Structures are given as structure tokens and as C-alpha cells.
Amino acid sequence: MLTSKRILLIIGGGIAAFKSLDLIRRLRERGAEVTPVLTRAGTEFVTPLSVSALAGRRVFSDLFDLTDEAEMGHIELSRSADLIVVAPATADLMAKMAHGHADDLASTLLLATDTPVLLAPAMNVRMWQHAATQRNIETLIGDGIGFVGPNEGDMACGEHGPGRMAEVPEILAAVEAALADGPLRGRRVLVTSGPTHEPIDPVRYIANRSSGAQGTAIARALAALGAEVVFVTGPATVPPPEGVEVIRVETARHMLAAVEAALPADAAIFAAAVADWRMAQPTDRKIKKTEGGLPVLEFAENPDILATVSQIAEGRPSLVVGFAAETHDVVEHATAKRARKGCDWIVANDVSAGTGIMGGTENAVTLITDEGAESWPRMGKAQVARHLAERIAQALA
Ligand code: C5P
């Protein structure tokens with residue numbers, strides 16, 4: 001039920017706007033109060049009269065309506081709601097949000113608000129798949145904006161693919177989830193991220209190309225679902241997310257100690273690219289060039305943090321997720337890794353040269369569970385994170 005929940009519903013310009021009329025009815029049936037806002041383009045698809053009749057209150061439609069500004073300023077309008085729903089969210093409205101434009105009532109409300117926002121995108125499949133839209137989605141997810149849909153199917157324009165607005169029952173479920181404070185509320189989740197640096201001497205170290213982007217996105221997505229996130233990060237190049245507990249470490253052994261200190265947790269996600277080896281004997285003096293020849297570096301094996309936590313006898317997190325970056329036979333190697341380490345899931349990806357995945361913005365993953373391998377389409381790292389966080393929420397439910 002949504003009793004007395006205040007929803008500001010922004011109806012963008014798209015053929016799917018007709019579904020918003022039913023959405024208003026269903027929200028009100030559940031006890032919500034719906035304040036509708038129609039964009040200028042939205043008025044081409046549904047009339048202000050039908051929207052206000054169904055909502056049982058007046059519809060707001062223009063920033064420059066001075067009467068409205070006198071009655072209720074746009075700042076107040078944007079903040080007096082418990083949730084802002086944008087349905088349909090057009091490519092244009094999403095672009096404005098991603099870039100912080102405020103040139104009409106809807107975009108101004110969205111920029112001025114501190115209320116959670118849920119988008120139900122609807123657009124032509126090519127527009128959805130366009131690099132610009134995908135970039136904007138990444139930005140918006142990073143900003144903590146929620147999404148429901150779009151679905152795949154036949155479109156009003158005659159094409160087929162992702163871009164159809166989610167159906168009303170799906171939007172209602174997403175509204176209820178958004179207002180229920182997130183499915184991971186009360187859950188503690190540990191995330192490791194970034195590379196580790198293993199010192200050779202006081203000025204040199206062994207490292208790898210991990211940016212920490214995927215681990216950071218996962219921590220952010222888990223926090224957005226209400227989890228209490230402990231984020232143990234090596235020296236990453238991307239900044240850590242807001243709203244999580246950040247523990248900075250440098251070496252694999254520091255990371256293991258920080259992870260052990262942070263337990264217990266309901267779930268642990270090991271996205272860090274931990275160095276497999278460290279120097280057997282790092283020196284505390286800089287190694288000098290000598291006439292005696294080249295230095296010989298002797299390695300020692302680092303502790304395997306994922307395997308250690310997967311195999312602890314008491315207090316093991318109920319869900320342990322590892323990553324497998326492979327360059328060939330991805331599923332085969334990742335499946336073997338899952339068994340060897342003793343974790344519950346492996347998120348496997350192909351990092352071979354040419355994929356642009358390591359250090360890049362996109363990822364194409366295969367999720368390996370006890371039910372087998374499930375390949376996800378290539379998408380932005382924030383979208384991979386969102387899907388994974390939703391799966392984690394389902395597994396912990
Ligand atoms: O064995 P490999 O490095 O391919 O395994 C990758 C997975 O194991 C990742 O989830 C990584 O975070 C984790 N790992 C770890 N400690 C190590 C090495 C890898 O936690 N020393």
C-alpha cells in the first residue's frame with residue numbers, strides 16, 4: 001500500500017504517456033496522492049484535463065505560470081513529494097537531467113529536488129541504444145536515480161527492441177520498492193575494489209591496471225538499495241562513492257586484514273584486482289643501480305582474500321561473490337574458479353585486448369551460480385552494478 005505517500009508524476013512526451021493515465025488511477029487506488037506535471041511535449045499525447053480528472057487535482061505544466069509560482073514555487077513542489085516518478089522518461093528529458101539543464105518546469109523540478117527519483121524510460125530502440133543515451137544513463141545511475149524498464153518488444157514506431165516503457169504493474173512495484181526504503185535496508189555488505197600496490201622498495205611498487213570503476217559502481221548500487229556498505233579499496237583512480245564506509249588499503253595483506261575486521265556481513269563482493277604476488281623481502285632502502293648487475297626480485301604469494309572468506313568456518317557471509325577476469329575460455333575458467341575458491345557466485349568477464357573492458361566504462365559479464373552460467377549483454381559498468389545489486393537483494397531476501 002502507498003497510503004498517504006505523495007508522488008509527483010512527471011509525464012513526458014511519448015506515445016507511452018497514455019499508460020500514465022492508468023498509472024495515476026492505480027497509484028490512487030493504493031492510497032497515494034498524485035500531483036501531475038505535464039511537459040509541453042506530454043500535452044501532445046494526453047490532455048491536462050484527463051490527467052487532472054484522474055489525479056483529482058490540478059496539473060502543473062509551465063514554469064512561467066506566475067500564479068503557480070505564487071501559490072507554490074517549483075522548489076517547494078519538487079520537495080513536497082516522497083518520490084518523483086517520470087513516466088514516460090524521454091531521451092531528451094534524461095539528457096537534460098544528466099547535464100543539469102533547467103529550461104522548463106519538469107527539468108527545473110528534477111534539478112531542484114532532493115527527493116528520490118524513479119524513471120520509466122520510453123523511446124525508440126535506436127535512441128535507447130545510442131551512445132549518448134547510454135552515457136546519460138550511466139551518469140544518472142551514478143547520481144542515484146532509479147530506473148524501471150524499459151522492456152524489450154514491439155514499439156509504436158514499428159521497430160522491435162528495448163525501449164518500451166515498463167508496464168503499469170512493474171512501475172507500481174518499483175514505486176513500492178523505492179518507498180519501502182530499499183530491499184537491502186538492514187543488510188551489511190562488504191565490497192573490495194581497486195588494485196593493490198605491493199612495494200618493491202620505498203619508491204617502487206607492483207600494481208595492475210584496475211581503475212576500481214566496477215567495484216565503486218557496485219558499492220554505489222548496493223547503497224542505493226539501502227545496504228550498509230563497507231568499501232575496502234586499494235589505490236583506485238576513481239573516487240569512492242558517497243554514503244558508504246570507506247577503508248583505504250594499499251597491499252593485499254592490508255586488504256585481508258581490513259576485510260576480516262569488517263566482518264560479519266550478510267554478503268561480500270570481491271571486485272578488487274588483488275596482486276597475486278608481493279616481494280618476498282621488500283627493502284626499506286631504495287634499490288640502487290650497481291655495477292654488480294640487475295636486481296633480482298624474489299616473489300612471495302599473497303593471501304587469497306576471496307578464498308579465505310569463502311572458506312571461513314563460522315560467520316561466513318551468506319553470499320560471497322568473486323570476479324574472474326579472463327582472456328579466453330571465460331566460462332570454463334570461471335566455473336573452475338568458483339569451485340576452487342568456494343564462493344557462491346562468480347562474475348566473469350573477458351578482459352582480452354580489444355574488449356576495452358579493463359579500465360574502460362563498459363563490461364560484458366557472465367554470472368556463474370550453482371544454476372549455471374548466465375551471460376548479460378554488454379552494458380555500462382553502472383548498469384552491470386545495478387543488475388548485480390538487484391540479484392544480491394533477491395538472494396538475501
Ligand atoms: O584468482 P583470481 O585473481 O583470478 O581471482 C579473482 C577473484 O579473487 C576476484 O574476486 C578477486 O577480488 C579475488 N582475489 C582475492 N585475493 C587475491 C586474489 C584474488 O580476493 N589474492
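P150 lies in the loop between strand 5 (146-147) and strand 6 (151-154). In this predicted model, the peptide bond that joins G149 and P150 is cis, with an omega of about 5°. A cis peptide bond also runs from A87 to P88, where omega is near -5°. P88 is part of strand 3, which covers residues 83-89. A further backbone feature concerns S4, which has a positive phi of about 60° although it is not a glycine. S4 belongs to the segment before strand 1 (6-11).

Several elements give two or more residues to its lining: strand 8 (188-193), helix 10 (213-224), helix 12, strand 16 and helix 13. The lining is made up of 42 residues, and those nearest the centre of the pocket are A272, A273, V274, F323 and A325. By class, 21 residues of the lining are nonpolar, 14 are polar and seven are charged.

**The shell around the ligand**

Which residues surround the ligand? The shell consists of F270, A272, V274, D276, P303, D304, I305, L306, G322, F323, K337 and K341. By class, this shell has seven nonpolar residues, one polar residue and four charged residues. Helix 12 (305-310), strand 16 (319-326) and helix 13 (330-341) each contribute at least two residues to the shell.

| Residue | Protein atom | Ligand atom | Distance |
|---|---|---|---|
| P303 | polar backbone atom | nitrogen | 2.8 Å |
| I305 | backbone N or O atom | nitrogen | 3.0 Å |
| K341 | side-chain N or O atom | oxygen | 2.8 Å |

At P303, a polar backbone atom is 2.8 Å from a nitrogen atom of the ligand. K341 instead uses an N or O atom of its side chain, which lies 2.8 Å from an oxygen atom of the ligand. Taken alone, the ligand exposes 450 Å², and the protein buries 86% of that area.

Terms used:
Residues are numbered from 1 along each chain as its sequence is written. This is a predicted model: local features need pLDDT of at least 70, side-chain atom pairs count only at pLDDT 80 or more; totals for chains, interfaces and linings use all residues. Side-chain values use heavy atoms; hydrogens and water are left out. A residue is near a molecule or strand if one of its heavy atoms lies within 4 Å of it. A polar contact is a pair of N or O atoms within 3.5 Å; within protein, one must be able to donate a hydrogen and the other to accept it, and residues adjacent in sequence count only if both atoms are side-chain atoms. Accessible areas come from the Shrake-Rupley method with a 1.4 Å probe; for residues, only the protein chains shown count as cover. Helices (H or I, at least four residues) and strands (E, at least two) are DSSP runs, numbered from the N terminus. Ala, Val, Leu, Ile, Met, Phe, Trp, Tyr, Cys and Pro count as nonpolar, Asp, Glu, Lys and Arg as charged, and the others, Gly among them, as polar. On a 1 Å grid over the protein atoms alone, a cavity is a set of points where a 1.4 Å probe fits but cannot get out, and a pocket is an open set with protein on both sides within 12 Å along at least five of seven lines; lining residues have an atom within 4 Å of a point.
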